Amino acid sequence: ASLIRRQLAVRARVPLEELGPSSGAPPARQARPPFRASKRPAPSSLRSLARILLMNPGRAAEVDTRWLDPHDPMSQAVRQLAEWLPTLGASRRPAMLSEAARGTTMATLIDELMVDLLDTDDQWDWNTEFEGAVNQIRADWRRRRMGELAARPLSTLSAEEHAELTDLARS
């Protein structure tokens, strides 16, 4: 080992002492810190939509619940919110929605979304946010639906499903 160290020092043109201790053992590797799972899940597009609906409840009727990803944990909550909001009539401000939700199954969701809204500013265009969220959720649904239909043999598709697959493939 010392012969190899001397040869390395000569070839590298450095003093032998700069190569470090000659214990003969390979240098100890520093242990990596253990992987820490993130405390917060990735943002959900459906959670964003729910927050937008809270600020723009009049547009809840425009959300087709077929578009909601059944694998997203927020799917059921957004479905309930989209069905609940149109029943409130004139209650259009978040504070009014929070009051209307008190004592119902929607209270926890509305409170969570209200906390999320603390991070927003007054300059947000909620109509533009709604359009973007709905376009994204609809595009995701179209991809999922096309994959579902395309995975099945054509002979098993009904006439409506065949027409739907054709329409999805064209767009």
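Reply: A residue is called buried under 20% relative accessible area, exposed over 50%, and partly exposed in between (1.4 Å probe, protein chains only). At 31% relative accessibility, Ser45 therefore counts as partly exposed. The model is a predicted one, in which local features need pLDDT of at least 70 and side-chain atom pairs count only at pLDDT 80 or more, while totals for chains, interfaces and linings use all residues. Residues are numbered from 1 along each chain as its sequence is written, and side-chain values use heavy atoms, with hydrogens and water left out.

The chain has seven helices and zero strands (DSSP runs numbered from the N terminus: H or I of at least four residues for helices, E of at least two for strands). Of the 171 residues in the chain, 30% are buried. Contacts are pairs with heavy atoms within 4.5 Å. Among contacts in the chain with a separation of 6 or more, 57% join residues 24 or more positions apart.

Confidence is given as pLDDT, the predictor's value for each residue, from 0 to 100. The mean for the chain is 82, and 83% of its residues reach 70 or more. Helix 1 (residues 2-12) has the lowest confidence, at a mean of 79, while helix 3 has the highest, at 92. Where pLDDT is low, the predicted coordinates should not be read in detail.

Now the packing itself. Two packed helices are described by the angle between their axes and the distance between the axes. The axes are lines fitted to C-alpha atoms, for helices over the stretch in contact, and the angles run from 0 to 180 degrees between N-to-C directions. Helix 2 (residues 45-55) and helix 5 (residues 107-116) have axes that come within 10 Å and cross at roughly 90°. The two helices are therefore roughly perpendicular to each other (65 to 115 degrees; under 35 is roughly parallel, over 145 roughly antiparallel, and the rest oblique). On the helix 2 side, the contact is made by Arg47, Ala50, Arg51 and Leu54; helix 5 supplies Ile110, Glu112, Leu113, Met114 and Asp116. By class, this contact has five nonpolar, no polar and four charged residues. Here Ala, Val, Leu, Ile, Met, Phe, Trp, Tyr, Cys and Pro count as nonpolar, Asp, Glu, Lys and Arg as charged, and the others, Gly among them, as polar.

Helix 5 also packs with helix 3, at an angle of about 100° and with the axes 11 Å apart. Helix 3 is thus roughly perpendicular to helix 5. Ala77, Leu81 and Trp84 of helix 3 meet Leu109, Ile110 and Leu113 of helix 5. The residues of this contact divide into six nonpolar, no polar and no charged.

An α-helix has 3.6 residues a turn, so residues three or four places apart point the same way.

Ser98 is found in helix 4 and, at 13% relative accessibility, counts as buried. Setting aside its neighbours within four places in sequence, Ser98 is in contact with Ile110, Asp111 and Met114.

The largest one has 30 residues, of which Leu49, Leu53, Leu81, Trp84 and Leu85 touch the most other members. Helix 2, helix 3 (75-84), helix 4 (94-101), helix 5 and helix 6 (126-151) each give two or more residues to this core.

Two further residues complete the picture. Asp125 is found in the loop between helix 5 and helix 6, and is partly exposed, with a relative accessible area of 43%. Its C-alpha atom is separated by 9.9 Å from that of Ile52, although the two are 73 residues apart along the chain. Not counting residues up to four places away in sequence, Ser45 touches Asp72 and Ile137. Ser45 and Ala133 are 88 residues apart in sequence but 7.1 Å apart in space, C-alpha to C-alpha.

Methods
Core = buried A, V, L, I, M, F, W, Y, C linked by side-chain atoms within 4.5 Å.
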